[in-house]
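The sequence and the structure come first.

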Amino acid sequence: MAARRLTRRAFLATAAAGAATGPFVFTPAKAQSFNWKRFQGKELFLMLTKHPFIDVLEKNIPEFESLSGMKVKWETLPEIQARQKMTVEMTANSGGIDAFFTSLHVEKKRFWKAGWYHPLNKFLQDTALTSPDFDWNDFSPGARSGVTQPDGSISALAAFIDANVFFYRKDLFGPKNLAPPKTLADLEPLVQKLHAPPGIYGIVLRGLKNANATQYPSILFPMGGTYLKDGKAALDTKEQVAAIDMYSKLLRQYGPPGVVNFNWYECSASFMQGQAAIYMDGVNFASQFEDATKSKVVGKVGYAVLPSGPGGHFSPIYITGMAVNAQSRNKEAAYLFCQWATNKANAVRELMAGVGVGRTSTWDSPEVKAKPKMPADWYQAYQASLKIGRQGLPEIVGVTEYRDIIGVAIQKAIEGAPPAQVLAQAQKDFQEMLNRTEG
Amino acid sequence: MPTSSGRLGRWAHRHARWLFPAPAVLLVAVIIVYPIAYTVWMSLQEWFASSLTAPHFIGLANYRKIALADARFQEAVGRTVYFTIVAVGAETVLGLAMALLFNRQFWGRGLLRTLAILPMVATPTAIGLVFVMMYHPSLGVANYLLSVVGLSPWRWTYSSQTALYALAMVDVWQWTPLIMLIALAGLASLPREPYEAAHLDGASTLRAFWHITLPLLRPALVVAVLFRAIDALKTFDIIFVMTQGGPANASETINILLFNQAFSYFNMGYASSMAVALFAVVMGASLILIKVRRSTTW
């Protein structure tokens, strides 16, 4: 309770300060008055993940070292290995990691329940620790709720935000006078018109279990489905049946052969080889579509917001952030790094490199507008998607287990099993898992 | 001083049979016995890898669940055994055939034999990644080769029906040479006399193979099959890299499932009970094969 009150006060204070003093509140003089060198001479160790955001960030870490006078060491591992290593280090209570890059869409509730995130609420309020130009309210509402726990504690600072969008081949849509679908009802007829195998398949979406669970909500949310109802599993509702029916039918009838085991890698490969007319996936994959060394469809790809449906208009979003380890001996110093990594200057750098971030101020940044790396409709689709963003996965402890449960159901449906039947099994497994882990 | 060092020397001399193996025993205790004992202990707990809630003891509940309630685990056991039989069966037949071939004298034998064992040297993860690309239903070279000989494309690892066989093929490709090597060594040590006797008695080559070569080669073959079976039962890398157990759960073996339970779902206690079960399966298979090797009749 106390934590929630503090957070709210922090929001209000920042918002009020912004409103009262207008755009001149962050003058250079004031920004300089913030003491970055408070922990000069300390050494930090970071656990990072192989990720486009980190690729850009790593290059600038020396800048933080000279700014803060601290020495930064870090290790970058692929996501799954990084999570395993974190688990081992944390359960051993080693305290060797000061800050880490966290995939909130998977780890948020588990790490919080395990007590591994240090709550940042007090740090964010502390003017000696948070630079005046950091501006928490600059993060989009989805980004802020994505890093905030049910008890109001803030577990991380939002870094990278992925949103599911609609990729399509302008060169195939144009001659047929087609446009991206406004609603789910328009989707299948559209796919049907573009489907011309074996040269072009109508659509490609992830089929592989677990991976498919992040794309399924692109259909499920507009269909009106949710994962939980009153804390109970809700995988056997009629909205779920309609969603899994549409998802699996699209892939079974209009997907490339073998799509049932496609991860994003195979999906984007077939899209870049020009074999698919439509692809729905995370917005960050787009940078490879426009890379002539990898893609045959450079300049031919259009970007749009996902279609809406009877349940509303949503874009599933996935947030990663920088978190302070609750076991660290240098929590405040580690927080300085997290703050620097997610500040406005670094957010602009990320967006310039085509990596999506959750700061609204970057959208109108003159630097980004002057030298856009991506086509204009990519920026538009991305921003519009963040406005209708909803956390793409259930915020539970057993996210990975849920992803496998629904993932297997989707794969079975793609291979022809009746949707209601596979969902009945999934519902049973999901509820059993919730009973075991959420208690 | 001399007395005390002399006393130490005498003591060491008296206890030499304990003292000398002690470092090795200690090492085995620390790196083999302790982890196994700890895993067994862990398998009696429920623990979600959390710093706030400690493991709590639940007795044999995990074993009851894997034995009676968990259909996914039981399917995984069946699949693991089936995968092993298919893969090792094919490897044994092919490996023996290759050994018989390379046991003959022909030009270029040394070079070909070296080339034949190359797959064994490669890293399974890298092989897995290469085969994923080759198996790709529309971009892969495997279906292109099928189309060249006029066959229609297959789904390989991209279908529940064929995924396990496609994975077994990778295992066969990589590990047939091991069986070949062991069989070849066995063939080289066979005596000449029985063959000469059989030849004089007018036995055909096939009969000689069936009644002389195979029985004499049996100890070597059983060792080869034993090695391979233990390895195949705990295959992890190629499956993890190529299908992660999919499509659906069509290629999920015990090892993949227990990996998921431990490192994706963080059900440490439950995963430990699966590890113990896998240990029992491997142990059981080894005991059966060793018994086959010792028994003197077919």
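## A strand of chain A and its partners

In this predicted model, A:Ala99 stands opposite A:Val324 in β10(A). A:Ala99 belongs to strand β3 of chain A, residues 99-103, which pairs with β10(A) in the antiparallel sense over five bridges. Strand β4 of chain A, residues 157-169, also pairs with β10(A) in the antiparallel sense, over six bridges. Here A:Leu157 is the residue opposite A:Met322 of β10(A). The pairing with strand β11 of chain A, residues 389-391, is parallel and has three bridges. In that pairing A:Ile317 has A:Gln391 of β11(A) as its bridge partner.

| Partner of β10(A) | Residues | Sense | Bridges |
|---|---|---|---|
| β3 of chain A | 99-103 | antiparallel | five |
| β4 of chain A | 157-169 | antiparallel | six |
| β11 of chain A | 389-391 | parallel | three |

How many of the residues of β10(A) are buried? Strand β10 of chain A spans residues 315-324, and ten of its ten residues are buried. In a regular strand, side chains alternate between the two faces of the sheet. From β10(A), A:Ser315, A:Ile317, A:Ile319, A:Gly321 and A:Ala323 point one way. A:Pro316, A:Tyr318, A:Thr320, A:Met322 and A:Val324 point the other way, and the residues of both sets are all buried.

## Where chain A touches chain B

The contact between the chains involves 31 residues of chain A and 25 residues of chain B. On the chain A side, the elements that give two or more residues are α4 (79-91), α5 (104-114), α12 (264-272) and α18 (399-414). Of these, α18(A) gives the most, with six residues. By class, this side of chain A has nine nonpolar, 14 polar and eight charged residues.

## Two helices of chain B

Helix α12 of chain B covers residues 205-233 and helix α15 of chain B covers residues 268-294; their axes come within 10 Å and cross at roughly 175°. Because angles over 145 degrees count as roughly antiparallel, α12(B) is roughly antiparallel to α15(B). From α12(B), the contact is made by B:Pro219, B:Val222, B:Val225, B:Leu226, B:Ala229, B:Ile230 and B:Leu233. From α15(B), it is made by B:Val281, B:Val282, B:Ala285, B:Ser286, B:Leu289, B:Val292 and B:Arg293. Which classes do the residues of this contact divide into? Twelve are nonpolar, one is polar and one is charged.

Terms used
Residues numbered from 1 in each chain as written. Chains lettered and ligands numbered in written order. Predicted model: local features only at pLDDT ≥ 70, side-chain atom pairs only at ≥ 80, totals over all residues. Buried ≥ 20, exposed ≤ 12 C-beta atoms within 10 Å, placed from the backbone. Helix = DSSP H or I, 4+ residues; strand = E, 2+ residues; numbered from the N terminus. Pairing = 2+ DSSP bridges. Contact = placed C-beta atoms within 7 Å. Nonpolar A, V, L, I, M, F, W, Y, C, P; charged D, E, K, R; others polar. Axes fitted to C-alpha atoms, helices over the stretch in contact; angles between N-to-C directions. Parallel < 35°, antiparallel > 145°, perpendicular 65-115°, else oblique.
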